[in-house]
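Here is a short note for a first look. Please read the points with the model open beside them.

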Amino acid sequence: MLRTRWASTFLPIKCASDLVSSLSPAFSLFNSEHQRPSPRSRRSLPHKCLLSERFFLFLPFFLDYISLSDPDILSRCLEMEMMNGGAKVLLEAFDPAEVVAEPLPEVVELNGGGVGVGKVGKREREIVLGRNVHTTCLAIEEPEANDDFTGDKEAYMAGVLARYRKTLMERTKHHLGYPYNLDFDYGALSQLQHFSINNLGDPFIESNYGVHSRQFEVGVLDWFARLWEIEKSDYWGYITNCGTEGNLHGILVGREVFPDGILYASRESHYSVFKAARMYRMECVKVATLISGEIDCADFKDKLLANKDKPAIINANIGTTVKGAVDDLDLVIKTLEESGFTQDRFYIHCDGALFGLMMPFVKRAPKVSFKKPIGSVSVSGHKFVGCPMPCGVQITRMDHINALSRNVEYLASRDATIMGSRNGHAPIFLWYTLNRKGYKGFQKEVQKCLRNAHYLKDRLREAGVSAMLNELSSTVVFERPSEEEFVRRWQLACQGNIAHVVVMPSVSIEKLDDFVNELIEKRSTWYRDERVQPPCVAVDIGAENCCCALHK
């Protein structure tokens, strides 16, 4: 016999059916209100179901227990609901912790009544923004006077968190469009959650604040320094709060080295690069790209020659956001030299948010190395590495950082970071993963991603879907699905007529098969009418990769 306790109520449970039959009114109440029941509604329950609100904390977990102990019990018992002395049959899929479907957002019109950029045929494509979260936000409510006695507030919050966890599980199941590795387990680090770990200021100089993780942070930085071939005495870096901060810092260092420099970035660079230009009020020149998304060095040279009187600060993409294209770093350097820019007149920041960690493990891939005349490299820690919170790594040359670094008496340290206070937990998560996987572990994961990306591209092409995969990439670009509901379900990132799937270590063949099979089924509906055809994406991914009526 299992005895469970909520507040002052004990329930003897001999089997799952006893639990369900005893608590069916409670299930009804929970389903109808989907909120914490009021004291009045709780009093309306039969005596055997007089439960404290704490019961609802465990409700989702008891459903799991019931289904495991007696697989048929849910269909036999949970469908019965006590109402007015009678019974009512509920839907078969009744689930008190069900995930509520999110409504599709409305099309947002720009000022003047027009819609956003990106054209389909002769009409402009509508830009669909996400829904206004104010319509679904979880308000903060003041505790009632008797909450400490009843536990209503705790139970309400526990119910909200249980439903949120269910939502996260469902959304993770259908996650393909953004470069996050969701395959991780940091249970061993839960013991550190009770500490406010803050790496204030410079990671190499302790401050008066003693609850820090600098020893983990510097260990992680040393690992990346070896990966990018720079000696410990020659580099400076820190663990950032996100990939964008790495770009903001790298470009800031470049501007401090060359205050009158011009920032050059390809049109397919991450939006944070252009954000940095606005923040620092830098002159920014956008460079054209090839069909692959790689920087067009012929156009780059033309723009350099037009501004020979000013130093050049260059953002080199080690994997573009949409197409996963890798700028040829050697060709970028050669173009600078051919245009008359010596090494003391240019600064290169390498944005390696995703592929900066993958590239070293790809055969025949060009090297990202400080043995070349680059100024800084940044990667994201929550992407390929798989960290549960946004973070990143930024490394630059020690010679450059002196222009930024300042002594801070309040900290008894120095600071050359963007944010100052930094998440001290993130370095521990990165240190933990790097120790578990090592170089060989990452190499296996990179090979798996590239292999699965080729599998996805081949399946799409076989199904008549326009698709492209760059040689050094795990980002598969394909025609944009016609239905926004499908885009939202699979969380696809879209731009104009194209979308992409980023194949990460957590993306299995089975998941890719589910995606492709559903896409094929949907396309048969979208394009049933022969007058409606899939978009031509030759201008986006090349005629050889386009399967439209004109190019297939």
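1. Contact here means heavy atoms within 4.5 Å. Among contacts in the protein chain between residues at least 6 apart in sequence, 68% join residues at least 24 apart.

2. This is a predicted model, where local features need pLDDT of at least 70, side-chain atom pairs count only at pLDDT 80 or more, and totals for chains, interfaces and linings use all residues. Residues are numbered from 1 along each chain as its sequence is written, and side-chain values use heavy atoms, leaving out hydrogens and water.

3. The protein chain has 17 helices and 19 strands. These are DSSP runs (helices: H or I, at least four residues; strands: E, at least two), numbered from the N terminus. Of the 552 residues, 52% count as buried, that is, under 20% relative accessible area with a 1.4 Å probe, protein chains only.

4. Look at helix 9 (residues 271-279). Ser272, Val273, Phe274, Ala276 and Ala277 are buried there. The buried residues of helix 9 pack against helix 8 (243-257), strand 8 (262-266), strand 9 (284-287) and strand 10 (312-317). Arg281 follows helix 9 and has a positive phi, near 55 degrees.

5. How do helix 14 and helix 16 cross, and at what angle? The axes of helix 14 (residues 425-462) and helix 16 (residues 509-526) come within 11 Å and cross at roughly 20 degrees. Axes are lines fitted to C-alpha atoms over the stretch in contact, and angles run from 0 to 180 degrees between N-to-C directions. The two helices are therefore roughly parallel to each other, a label for angles under 35 degrees.

6. Helix 14 contributes Asn452, Tyr455, Leu456, Arg459 and Leu460 to this contact, while the residues from helix 16 include Ile509, Leu512 and Phe515.

Notes. Parallel < 35°, antiparallel > 145°, perpendicular 65-115°, else oblique. Buried < 20%, exposed > 50% of the residue type's maximum accessible area, 1.4 Å probe, protein only.
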